[in-house]
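Please view the sequence and the model before reading on.

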Amino acid sequence: MSFPPTLTGTAPARRGRAGRIALWVVQVALAAVFLFAGISKLGGQPQMVALFGQIGVGQWFRYFTGFVELSAALALLVPSLAVFGGLALVATMVGAIATNLLLGQSPLPPTVLLLVAAAVVWTRRRELVASRVTQ
């Protein structure tokens, strides 16, 4: 499989120190949000139990979502896994937006989180392509 030359350049993108720091601040903040969210789902916080009761799929889905959020948050903190954590969160937030719309709730919070996770993925996209090329 071939990739466009703009994505497979031999030299990795160079970010300045401020850019690297900003990316890590965003990743740590995003990880903190999803660590909290995942723990609240896995811990059975009454609000989360009620929310997933409204969804109507069953409480197993609360555990699954909590596990995905927790795993993705931890992945964001590992440089070689950060892009994959971001991808998992993008997919999760797409589902959260759809669910919020179906439940008549505001899709704004998951949309903001989706955009932040997408920004992390976009910024680290070369790492994703590099992992494909080296396999």
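The model is predicted: local features need pLDDT of at least 70, side-chain atom pairs count only at pLDDT 80 or more, and totals for chains, interfaces and linings use all residues. Residues are numbered from 1 along each chain as its sequence is written, and side-chain values use heavy atoms, with hydrogens and water left out.

Two packed helices are described by the angle between their axes and the distance between the axes. Helices are DSSP runs (H or I, at least four residues), numbered from the N terminus. Axes are lines fitted to C-alpha atoms over the stretch in contact, and angles run from 0 to 180 degrees between N-to-C directions.

| Pair | Angle | Axis distance |
|---|---|---|
| H1 (residues 17-42) and H5 (residues 108-123) | roughly 135° | within 11 Å |
| H1 and H3 (residues 60-76) | about 155° | 8 Å |

H1 is therefore oblique to H5, but roughly antiparallel to H3. Angles over 145 degrees count as roughly antiparallel, under 35 as roughly parallel, 65 to 115 as roughly perpendicular and the rest as oblique.

Contact means heavy atoms within 4.5 Å. Residues joining H1 to H5 include Leu23 and Val26 of H1 and Leu113 and Val116 of H5. Between H1 and H3, the contact residues include Trp24 and Lys41 of H1 and Arg62 and Glu69 of H3.

Lys41 lies in helix H1. Its relative accessible area is 8%, so Lys41 is buried (under 20%; exposed is over 50%, partly exposed in between, with a 1.4 Å probe and protein chains only). Leaving aside residues up to four places away in sequence, Lys41 touches Met48, Phe52, Arg62, Thr65, Gly66 and Glu69.

Key:
Helices (H or I, at least four residues) and strands (E, at least two) are DSSP runs, numbered from the N terminus.
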